[in-house]
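Please keep the structure in view while reading.

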Amino acid sequence: METVTMFSWSIDCLLAASLLWIAWCATAASDLFKAIVLFIAVGLIMVLIWIRLNAPDVALAEAAIGTGLTGALLLAVLKRLEPKAKTNS
Amino acid sequence: MEEEVFSGALDPADKPSLFTRYLLVVLLVTLTSWLVSVVLLLPDRNQGLSILVNEHLSLSGVRHPITAVLLNFRGYDTLLEMSVLLIALTGTWSLARPSERIEAEPGLILGFMVRLLIPLMIMVSGYLLWVGAHAPGGAFQAGSVLAASGVLLLLSGWRLSVRFVGWPLRTGLVLGLLVFIATGAAMLLIGNRFLEFPPSMAGNLILVIEATATVSIAITLTALFRGEQPDAKR
């Protein structure tokens, strides 16, 4: 019993730490493409955290909308931004 | 370090002054410490509204408390959420400039993968919709999986046939919201309040609302990914 709680506790700590670390990397990334990919990674870690918090409904919504479709939308926006930036410089 | 971080996407001229930055840090630290203290002060075993929801679950027509809250007890919120999606699409359509309609044939492997994946995704979406009545799932999740298959189709070069660009597409977009409002308004006719479903019919009504909502959410999200309004003339 003791080892199980220790194990889940360390998993939780690992998840929380990686979430904060990847979130920081995403905001600090100078390359927008890198930032979007890291944002998707944040969403995936968040899905695992929602599952750990016993909220499978939120996890499903996060995986499908928050991570999958928002990531695709952001990449589509990036594609639209790119030719504009090239003509400016 | 600071220079490296902020050069790139942001214009250096937009960089806030030193005072603004320190003010931001102070405000953020205050907000964070306040939030942490609130979380720490929360009562240990706060049940919230879950007791109330579980007590009335038998009246909702579904067996999953979250679907019961979303579609029955707090149906208004879901209704407004769907209209927000529609308004977002209207905004995107009015802002995006139309571009050339380019239809492309996917390669052999991509075409095969798409043919394999799309039916599977439609099935998963249907499963999520059906299972929402008694387990995690529901219209938004099912709709976004269906929208993901639409995004996949768009990425592989497929475009909506010109025949469906006009009113069929628009009907699909508003169908979920219309059915939701019509069902809610029909409750007025039988003497209930707006969106107040009688327990005997609630299950079927919620299934109809969720099914049409799934279709509309999927079309709206796919159209949001496409960006510009599909033009019937091209």
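Over which residues of chain B does pLDDT stay under 50? The pLDDT, which is the predictor's confidence in each residue on a scale from 0 to 100, stays under 50 over residues 1–8 of chain B, and for these residues the model has seven contacts beyond four places in sequence. Two residues are in contact here if their C-beta atoms, placed from the backbone, lie within 7 Å.

## Confidence in the model

This is a predicted model, in which local features need a pLDDT of at least 70 and side-chain atom pairs count only at pLDDT 80 or more, while totals for chains, interfaces and linings use all residues. Residues are numbered from 1 along each chain as its sequence is written, and chains are lettered from A and ligands numbered from 1 in the order in which they are written.

The predictor gives the complex an ipTM of 0.78 and a pTM of 0.80. Chain A averages a pLDDT of 87, with 91% of its residues scoring at least 70, and chain B averages 85, with 92% of its residues scoring at least 70. Helices, like strands, are DSSP runs numbered from the N terminus (H or I, at least four residues, for helices; E, at least two, for strands). In chain A, mean confidence is lowest in helix H3 (residues 56–88), at 82, and highest in helix H2 (residues 32–52), at 94.

## Domains of chain B

The domain assignment, whose bounds come from an automatic or database source, gives chain B a domain 1 (2–41) and a domain 2 (50–226). The C-alpha centres of these two domains of chain B lie 38 Å apart.

## Where the chains touch

The contact between the chains takes 18 residues from chain B and 16 residues from chain A. On the side of chain B that touches chain A, the elements giving two or more residues are helix H8 (139–155) and helix H11 (199–226) of chain B, and the largest share, seven residues, comes from H8(B). That side of chain B divides into 12 nonpolar residues, six polar and no charged, where Ala, Val, Leu, Ile, Met, Phe, Trp, Tyr, Cys and Pro count as nonpolar, Asp, Glu, Lys and Arg as charged, and the others, Gly among them, as polar.

## Helix packing in chain B

The axes of H10(B) and H11(B) come within 6 Å and cross at roughly 155°; axes are lines fitted to C-alpha atoms, for helices over the stretch in contact, and angles run from 0 to 180 degrees between N-to-C directions. The two helices H10(B) and H11(B) are therefore roughly antiparallel to each other, since angles over 145 degrees count as roughly antiparallel, under 35 as roughly parallel, 65 to 115 as roughly perpendicular and the rest as oblique. The residues of the contact of H10(B) with H11(B) divide into 13 nonpolar, six polar and no charged.

Helix H6 (residues 75–95) of chain B also meets helix H10 (residues 167–189) of chain B, with axes that come within 10 Å and cross at roughly 155°, which makes H6(B) roughly antiparallel to H10(B). Among the residues making this contact are Leu79(B) and Met82(B) of H6(B) and Leu173(B) and Phe180(B) of H10(B).
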